[in-house]
Amino acid sequence: MRIFTRLVTVLIVAVGFCDASLAQSSRTKNAPPAPSEQQIRERVNAGTVGLAGGLLEGAPIRFATEIARVVNESNQVHVLPIVTRGPTENVNDLLYLKGVDLAIINTDSLEEYKTQVPQIQQRIVSIINLFPSDLHIFVRPEIRSLADLAGKKVNFNTQGTAAAYSGPLIFSRLGVTVDKLFIPHPVALEQLKRGEIAAVVFITSKPVDTFVKGKWDDGFKFLPVEFGPKFSDYYVASSLESADYPNLIAKGERIATIAVPTVLASYNWRPETPRYRRVERFVEEFFSRVDKLKSPGFDPKWRDMDLKRGVPGIERFRAAQNWIDRSNPVKHSETSR
């Protein structure tokens, strides 16, 4: 009897195993074939965009990384942040480097390409105005005006930074010729304290920790720069206030300055091209998730970002403008009458 029972058990298990094998075989026959390596390669590349960020120590590469964190969650677009030599070089990358679809640039970096690429402002378009990089001209006590800096040593940080490019350009427009230095700011600030140089120029979003936390003797200060027609092509008006630097600016005081818009830009692809569609897909995913960037854990500057804010001197990418118009149908209807 025991032998019979064991045989029945074995038969039941065997039948069950056969049924499972047949079911699996049926599913395998009905399942679509696995994609080939070529198909995988095409799918991955169709959804990947290269984003030229900047130097490792700069704010642009941090913003590029945060954009990637949010957009890549969709699994529809894969953003690859790229470490580069800075916002000015990023224009060159956007124009000529394979694999670069987007770049973080400063608006005035287009100035360098006007001779080489006469239609530069039609070749590059903006996706979004990320944040302003404010001009800080910090000087010794004996310097009382911009004119006092003529012929004196002024540091513009290391090559590749926003200050190293925009700073000399701004001084040229101001008509002030200085002895330009390009050394790391921490080194230059020590030289400033010892009187070896007259000023340091920062171009970055405020507040700057160096001026908030640093100890400075009486008389060290920021010089004002008034916004005017000479800056209207690429720059915007800004100011430094006591709320930004309470140890250096008296309560209620406001020091006029200018700012360089830092922009997420794209090449101006024709709408029917695959590259246009790739950036268009990025825009859809990025704009639909932009509110997440304003939550804790991301750079606080995202909270002040306005998708609708334009960029001086640069047109907006068509797909980006279309998304904004769809999200504001009433306003768009009024402006189109």
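Helix α6 is mostly covered, with 11 of its 13 residues buried. This description rests on a predicted model. The buried positions run from A162 through A163, A164, Y165, S166, G167, P168, L169, I170 and F171, and R173 is buried too.

## Helix α6: length and end

The helix covers residues 162-174. At 1.5 Å a residue, its 13 residues should span 18 Å, and the C-alpha atoms at its ends are 17 Å apart, which agrees. After α6 comes G175, which has a positive phi, near 80°.

## The largest nonpolar core

Nonpolar side chains tend to be buried together in soluble globular proteins. In this model the largest nonpolar core has 44 residues, and the members that touch the most others are I105, I124, I137 and L149. Two or more residues of this core come from each of α4, β3, β4, α6, β7 and β10. The most come from α6, which gives 6 residues.

What does I124 touch, leaving aside residues up to four places away in sequence? Its contacts are V91, L94, L95, I105, L110, A265, S266, N268 and I314. I105, one of these contacts, is also listed with I124 among the core residues that touch the most other members.

## A separate core

Another core, of 37 residues, lies apart from the largest one. Its members include V70, L130, F131 and F287.

Key:
Residues numbered from 1 in each chain as written. Predicted model: local features only at pLDDT ≥ 70, side-chain atom pairs only at ≥ 80, totals over all residues. Heavy atoms only, no water. Helix = DSSP H or I, 4+ residues; strand = E, 2+ residues; numbered from the N terminus. Expected span 1.5 Å × (residues − 1). Buried < 20%, exposed > 50% of the residue type's maximum accessible area, 1.4 Å probe, protein only. Core = buried A, V, L, I, M, F, W, Y, C linked by side-chain atoms within 4.5 Å. Contact = heavy atoms within 4.5 Å.
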